[in-house]
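Notebook open, structure loaded. I want to look up a few local spots and jot down what turns up.

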Amino acid sequence: MEACANRCSSCNFNLNASKWAQVLVPGCLHGYHLSCALQASEPRRPGVEAPNGNADDSGPRSCATCAELLLSEVDGVRMLYKECSEELHRRDPTDLELFRTVEIKQGRETSPLRELPRSILCLQGLRCLDITGHPLVRVPPEIRLLTSLKRLCFVSTEITELPEELGELQNLQQFVVSCCPLRCLPESLCKLVRLWDFYFDGNQLRELPEQYPPLVNGLKVSGNLLRQIPEAVGGLQDIKCIRAYANKLEALPDSICQLTNVGEMSLQGNRLQHLPQQIGSLQNLQYLSLHDNLLRTLPESILELSELRWLYLYNNHLQDLPRGLTTRLQQLERLLVETNPLSEAAVADLIQSGGSLRVLGLDTEQASRVDPDSLPPWVSVGWMLPWYRLYAKLQPASQLKRRQGVEPVRGHLPATPENDVLVVAFAASQAEPEWLGVLSQVYSGDVSVAEAELQISMDDMGKFSGLFRALHERELQEDGSDEDLERLASTCWLSAPPHSSSRQNGEALQDFDVLTLCDTGAQWYTDVSEREQLEVERRLREIVPRYKRVILLGVSMGGFAALSNSHLAHSVLVFGPQTDLTLSHLRPGFSPEDLVRMSDNLRSRVQQALSQGVHFQYHVGAEDHLAYARRVPLPRSCFVVHPVEGRIARLLERAGILWPLLIRSIAREQRLARGASGRCGSGWNG
Ligand SMILES: [Zn+2]
Ligand SMILES: [Zn+2]
C-alpha cells in the first residue's frame, strides 16, 4: 500500500480536510476518511468479507502502523467506533461527541476516558470535539494539531488546567469548559481571534485573564471562586450577557458600565457591597440579578435602566431604594426585594401602582410597615425563613396569586400552620424560584381534583410503543438499544385534553403551604469545603414536623436536592433530576471526591426513604436523562417515562400536564393528612 496524503488508503477517493474529518496515521502517513477508518476498525466476524470487498489480509489492516492505530482498543479508532455517538456512523463526520450518558442510554459498555485518545489527535478537519462526563484528567499540548476546530467542549471532566497551546487553535469560535475542577485559564486564550463564546461555568477558577479575545460576546463564569472581574472586560463591546453569579465578587469594575449591549447581568450569590455609579448607562439591560449580596444602597442611576424587566434584590442589606422604582421603570415586570430591612417609606413607594409590574415579592416584616389593605394583589407576601444564604420563602398557596378578598399574611410565623400539607419546591436555577407560577395555577380554585384526574391518563407499555412510534417515526427496539426505555417505562402520559375554564362539580384542592428554596450559590443545596455551609437537611428537619404531610418537588439540580432529602418527606416528585454527579452533564465544580460523596448520599437517602414508605414519582424524557434514572435505586413503578426529548418539566407544562400531576399528588397527600392522626416528626430515624 502506497502512502499518498491526498487519497484515502481505504476507498481511494480524495481526502479533503475542509469537507470532512480524516485520519492521518503518524509514522506511515497513510490517510483515511474518518468514516472509512471507523469502518476498517469495525470488529469483523470470522468468514465475513470486509465491506469494501477486500479480504481480511489486504487493505488498511495490512500496514502494521495503520493496523495498530485502527485497532487499538485503548486509544485507537476502534475505541472511537465503540464510544462515539450514533451520528458519527451515519454521515461523513466532522463532529466528535463523546457523551458518557449517551452510551449508557444506548446500552453500550462504557469505558471512561482518562486521557484524550491518540486517534483523536490524528484527526484533521475535525470541526467539533465535545467530551462530556468522562473523567479526563488533562488536555495534552498536542491539541494544537486540531487546527480546524471551531467548537471545543469539556464538560463534567476532571481537568484542572489547560495547555497554553490552545492559543494556536485559530479557528476556535466556541470554547466551553464547564463543571470541571479547572483552576486557571491559559494566558494564550486572548490569541483566539475568532472566539465569541467564553464559557467557563462551574469550575474552580480563582481569577480571570487580564486580556480577552476581541469578539467575545458573552462572559459566562458562574459558580467559580472569583473575587473580581478585570477592568479589561469593559473593552468587549459585543458583550450581551454577563453571568458571574455564585462567585466571591466584592466589587465590579467601573468599566462594566461601558457595555451598552448587555441585556442580562446575573451577579447573584456574591459579596457585592455597592454597584458602579454609572450602572444606568446599560441602556439595553433587561434582566438584572443582584440578590444574595451585601448591598447597602443602589445608585440613583438605576432608574435610568429604561428597558429593565426583571430586578432581583432579595437577601441584601438595603434600607432604602431609589424612589420611583416601580413607577419610573415602565418595563419592570418582576421585582423581588425580600429580606432587606426596608424602611416604611421605601415599602410605601414600591407599592405605588407600577406600569407593567406583575409580581412584587415582599416578606411579612416589610409588608407590616404599611396598611395591609393598601397592598395590591400583585404583591406576594410570605415568611422568609432565616436560612442563611438560601432564599426560603414560606407562604400559603393562596398567597401566590392573591384573589380579591384574600388578605396578605402578616405577623410572625404561626406556631402551628393552618395547612396540613407542605410543598417544598427546590429551584433548579439561581435566578428565581421557578415553581411559583405553576403552583399558583394549581391552587387557582378553578379546577376540581376529579377534573385534574381526567386531564392525565397513564397507561401501559403497549400504548407507549405506539406513541413512541408516532413521535420518533421508528419502532421501539425491543432488544438492545432501547431496552432501558422498556425497562423504565412503566407508565406514560397519553393525552391532555384542554381543560375547560368553567369549574366542574367536585371538590377543589384545599390550601397548602409552599416553601420555595433557591440556592443562589449554585452549590446544589449541599455543603462542601471552600463553599458556604447551608445545612439544608438540618433546616428541613426543623420545619417538616410542623406538617402532617410533606411533598418535595424539583427539576434537574432541584430534583437532585429533593431526592437527597427524600427521607424527610412523604412524597417526592422529580422531573429529569440529576442523580449521579460523577457523570452528569450538569454539576457543581467540586472535587471528584465530593461528587462521589454527594451521589452516594443521594442513593442512600433514597434507599432510606423507600424503607420508610415514601412515595416517589420520577418523571423523565426518553433521552439522556434516562441514564441518570438508571443510577437511582428506585423500583420500576416509580418511573414515568415520557416519549419526548428536552426539558421535561417545561414540556409538560406546555402540554398542560404539569399542573394536573401536581394537583393529583397534592390531593393525595391532603386525603392522607385528613386520615392521619397527628403531625409527623416522630418515628423517623435520627
Ligand atoms: Zn475513504
Ligand atoms: Zn499505514
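Is H33 buried or exposed? I looked it up, keeping in mind that this is a predicted model. H33 has 5% relative accessibility, so I put it down as buried.

**Zinc site**

The zinc ion (ligand 1) is held by C8, C11 and C36 through their SG atoms and by H33 through ND1, at 2.0 to 2.3 Å. I read the donor spacing along the chain as C-x2-C-x21-H-x2-C. The angles at the zinc ion (ligand 1) run from 101 to 115 degrees over the 4 donor atoms, so I call the arrangement tetrahedral. For reference, the ideal angle for four tetrahedral donors is 109.5 degrees. I checked C36 too: its relative accessible area is 11%, so C36 is buried.

**H619**

Next stop was H619, which sits in strand 24 (residues 615-621). Its relative accessibility is 0%, so H619 goes in the buried column. I found a polar contact from the H619 side chain to the side chain of Q617, at 2.7 Å. Leaving out residues up to four places away in sequence, H619 touches a list that includes F575, H642, I648 and L661.

**Helix 19**

Helix 19 covers residues 658-675, 18 residues in all. From first C-alpha to last I get 26 Å, close to the 26 Å expected at 1.5 Å a residue.

**Aromatic pairs**

How many aromatic pairs are in the whole structure? My search gave 11. For F198 and F200, the ring centres are 4.8 Å apart and the planes stand at 75 degrees, so I log the pair as edge-to-face. F198 and F200 are both buried. I also see that F198 and F200 belong to one aromatic cluster with F175 and Y212.

Another edge-to-face pair is W524 with F560, at 5.6 Å between centres and 75 degrees between planes. W524 is in the loop between strand 21 (513-518) and helix 14 (536-543), while F560 is in helix 15 (residues 557-564), so this pair ties together parts 36 residues apart in sequence. Both ends came out buried: W524 has a relative accessible area of 4%, and F560 has 1%.

Definitions and conventions: Residues numbered from 1 in each chain as written. Chains lettered and ligands numbered in written order. Predicted model: local features only at pLDDT ≥ 70, side-chain atom pairs only at ≥ 80, totals over all residues. Heavy atoms only, no water. Helix = DSSP H or I, 4+ residues; strand = E, 2+ residues; numbered from the N terminus. Expected span 1.5 Å × (residues − 1). Donors = N, O, S within 2.8 Å, 3.2 Å for Na, K, Ca; no water. Tetrahedral: all angles 85-135°; square planar, octahedral: opposite > 155°, others 65-115°. Buried < 20%, exposed > 50% of the residue type's maximum accessible area, 1.4 Å probe, protein only. Polar contact = N/O pair within 3.5 Å; in protein donor to acceptor, adjacent residues only side chain to side chain. Contact = heavy atoms within 4.5 Å. Phe/Tyr/Trp six-rings, centres within 6.5 Å; stacked < 30°, edge-to-face > 60°.
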